[in-house]
Amino acid sequence: MKPIDDVRQISAITYGFLASKALFAALDLDIFTKIAGGAATLTALSEATGVAPNRLRTLLTTLKTVGLISEADGAFANAPATATYLVAGAPGDFRDYVRVVNGGFLYEGMRHVEKSLRGERVFPDKGFYEGIVYSEGGVGAEAFGAAQHKGSLGPARIFAKRVDLAGARRFLDVGGGSGAYAHAVLRRYPEMRATILDFPETLETARRYAAEAGLSGRIAHVGGNAITTAWPGGQDAVLMSYVWSAVGAADIPALARRAFDALNPGGSVLIHDFMVDDAHQGPDFAAWYLLAAILDNPGAECLTPGFVEGALGDAGFAVERTEPMLDGITSLTRARKP
Ligand SMILES: C[S@@+](CC[C@H](N)C(=O)[O-])C[C@H]1O[C@@H](n2cnc3c(N)ncnc32)[C@H](O)[C@@H]1O
């Protein structure tokens, strides 16, 4: 990013969260779905949402300024990306992820980032996740799990398409959460069986999603902390997706060693996470997400390919490469056990 030289660029940064909040509010009212359904005028949208025209006009104006919608002759229309990703039933519909994870979890969490930067706990008596998700007025475990699952289904399909695991029989998804990645891999490789290791509370949801996907018979679940619980051995591939950014840097060598020990010779370890480049120049969204990761864990590392590859190399892996996964947001590092 070129260093800025105009005060309006500072305004764009300071006011930016207002535009984000306008999007979250629009999703709460499901405005884009209503526009797609034919409620195109201010009057029709006011009736469909129950929001008074004067207040709705202000929200719609904000949405126009950021290009989410347009207006011509008194009729509103969704922008092409809005129609593809923010409308019920659209091919890339990820409204719940944006509304619950970004608009609930991250937005609420970032109110505490100054505390986290000072190394203080966000909640004096509970963990960050517990405080934001489970507390009264929080996001709610059910809504969070469902939103995270929906948000991961698309990336998981990309992952399963891109990573060649032909010949592999056993896949271990450490911190596998709802199981979106395990499902995508099992669908592509009918001979494969998977194990998801995650905290017991998370596994309740993972079991339900596995049943709904008809994959219960091919997925085992191991409840516990990945740093202290024994991992099942004899694996052909181990994935950790968004786990290295969630734990402290001090725990990463142990996770790398555990992956090494769990794998058969020739097996692959795959690290998928937010990573900035080695010069710490960007990409922007990766850097922003990593800032949020310190809310969860003050010891979280500003991950780079060099750091990830170094940790895998130290554990004995032969590093293959790191490549972008979700463009401008996440990267995937692959390494093999010799
Ligand atoms: C952001 S979620 C990602 C879930 C999944 N890997 C995906 O990409 O969809 C991070 C997951 O890592 C799990 N996790 C974080 N630290 C862990 C630890 N020490 N032991 C086990 N699971 C952990 C969390 O419970 C959560 O399910």
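Figure 1. A residue is buried if 20 or more other C-beta atoms, placed from the backbone, lie within 10 Å of its own. The protein has 14 helices and 9 strands. These are DSSP runs, numbered from the N terminus: helices (H or I) have at least four residues, strands (E) at least two. Residues are numbered from 1 along each chain as its sequence is written. In this predicted model, local features need pLDDT of at least 70 and side-chain atom pairs count only at pLDDT 80 or more, while totals for chains, interfaces and linings use all residues.

**Figure 2. Helix H10, residues 180–188.** Here 7 of the 9 residues are buried, so H10 is largely enclosed by the rest of the structure. Among them are Tyr 181, His 183 and Leu 186. The buried residues pack against helix H9 and strands E3, E4, E5 and E6. Contact means C-beta atoms, placed from the backbone, within 7 Å.

**Figure 3. The largest nonpolar core.** This core has 50 residues. Its largest share, 6 residues, comes from H10. A nonpolar core is a set of buried Ala, Val, Leu, Ile, Met, Phe, Trp, Tyr and Cys residues joined through C-beta atoms within 7 Å. Val 238, Trp 244 and Val 269 have the most contacts inside the core.

**Figure 4. Around the ligand.** Of the 17 residues around the ligand, Ser 152, Gly 175, Gly 177, Ala 226 and Ser 241 come nearest. Near means a C-beta atom, placed from the backbone, within 6 Å.

Terms used. Buried ≥ 20, exposed ≤ 12 C-beta atoms within 10 Å, placed from the backbone. Contact = placed C-beta atoms within 7 Å.
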